[in-house]
Amino acid sequence: MKYPKILCLAIVFSIGHVSAQTYFLNGNAIALGGDCYQLTGLGNYENGTVWYGDQINLEEPFDLLFYMNYGSLDGNGADGICFVMQTVGTNAIGESGGGLGYLNFGTSLGIEFDTWQNTDYGDPFEDHVAIEMDGVIDHNAPQNIAGPVSLDPLGMNVEDGQEHLVR
């Protein structure tokens with residue numbers, strides 16, 4: 001059985017102006033301080049979400065900049081993480097493991113940062129990113145909008161314990 005990695009997500013929103021930011025944590029997610037959150041620990045089948053409390057108007061321009069740390073466990077690590085825009089609410093949490101906390105989510109847009117090969121979903125061997133909708137993570141399904149493509153331009157492993165900029 002795979003063991004989830006520690007995933008840390010620090011988010012900075014640049015949407016015109018931003019006042020104090022409110023986040024809602026679910027499942028195994030914990031706040032580490034400094035706008036950094038750990039989504040899962042090292043237990044089996046852990047699953048956590050962190051939701052930004054304010055709605056984003058998709059008719060207005062916005063810029064999202066954040067860092068992801070995929071942990072340092074590769075062969076015994078977790079499946080990955082999804083950045084999701086959804087209307088379900090701040091208590092939403094999807095399926096753990098290969099579901100990336102996003103499987104069967106409903107009306108949504110998800111960017112999958114996948115670090116485990118699930119061949120039944122059409123995953124490539126390398127750590128990869130893809131854009132999907134409506135909680136469907138199968139790369140062969142019509143809900144797969146783009147990708148998968150390698151997370152690292154050189155195809156290197158991103159489970160390196162380092163922060164990776166996402167924009």
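**Entry 1. Terms and overall make-up**

I take strands (E) as DSSP runs of at least two residues, numbered from the N terminus. By that rule I place Pro148 in strand E10. I am working on a predicted model. I looked up the secondary structure of the protein and got 0 helices and 11 strands. Along the sequence I read the pattern β-β-β-β-β-β-β-β-β-β-β. I also noted the burial: of the 167 residues, 43% count as buried.

**Entry 2. The sheet E7 to E10**

I looked up which strands make an open sheet of 4 and found the order E7-E8-E9-E10, paired antiparallel. Strand E7 (80–86) and E10 are at the edges; each has a single partner strand, so one side of each lacks a neighbour in the sheet. I noted that neighbouring strands of this sheet are turned by 10° against each other on average, with direction ignored.

I then went through two of the pairings. Between E7 and strand E8 (residues 108–114) I found 7 bridges in the antiparallel sense. Here Gln86 stands opposite Ser108 of E8. Between E8 and E9 I found 6 bridges, and these strands run antiparallel. I picked out Ile111, whose bridge partner in E9 is Ile131.

Is E8 mostly covered or mostly open? I recorded E8 as mostly covered, with 5 of its 7 residues buried.

**Entry 3. Aromatic pairs**

I counted ring pairs with centres within 6.5 Å. The count came to 5 aromatic pairs. The cut-off I used for stacked is planes under 30 degrees apart. Phe66 is in strand E6 (residues 63–69) and Phe83 is in strand E7, so this pair ties together parts 17 residues apart in sequence.

Which tyrosines form one aromatic cluster? I found Tyr23, Tyr37 and Tyr52 in it.

**Entry 4. Second largest pocket**

I looked up the second largest pocket and noted a volume of about 190 Å³. Its lining holds Asp74, Gly75, Thr115, Trp116, Gln117, Phe125, Glu126, Asp127, Gly155, Met156, Asn157 and Glu159. I sorted these lining residues by type and got 3 nonpolar, 5 polar and 4 charged. In this sorting, Gly is among the polar residues.

**Entry 5. Backbone exceptions**

I kept the background in mind: most residues other than glycine have a negative phi, and most peptide bonds are trans. I then listed some departures.

Which residues does a cis peptide bond join? I found Gly147 and Pro148 joined in this way, with omega at about 15°.

Tyr45 has a positive phi of about 55°, although Tyr45 is not a glycine. I located Tyr45 in the loop between strand E4 (36–38) and strand E5 (48–52). The relative accessibility of Tyr45 is 56%, so I marked Tyr45 as exposed, the limit being over 50%.

Asn104 also went on the list, with a positive phi of about 65° although Asn104 is not a glycine. I located Asn104 in the loop between E7 and E8. At 58% relative accessibility I marked Asn104 as exposed.

**Entry 6. Pro142**

Where does Pro142 lie? I found Pro142 in the loop between strand E9 (128–133) and strand E10 (144–150). Is Pro142 buried or exposed? Its relative accessible area is 77%, so I recorded Pro142 as exposed. I also took the C-alpha to C-alpha distance from Pro142 to Glu132: it is 8.9 Å, with the two residues 10 apart in sequence.

Definitions and conventions:
Residues numbered from 1 in each chain as written. Predicted model: local features only at pLDDT ≥ 70, side-chain atom pairs only at ≥ 80, totals over all residues. Heavy atoms only, no water. Buried < 20%, exposed > 50% of the residue type's maximum accessible area, 1.4 Å probe, protein only. Pairing = 2+ DSSP bridges. Axes fitted to C-alpha atoms, helices over the stretch in contact; angles between N-to-C directions. Phe/Tyr/Trp six-rings, centres within 6.5 Å; stacked < 30°, edge-to-face > 60°. 1 Å grid on protein atoms, 1.4 Å probe; cavity = no way out; pocket = protein on both sides within 12 Å on 5 of 7 lines; lining within 4 Å. Points joined across faces, edges and corners; volume = space filled by probe spheres on them.
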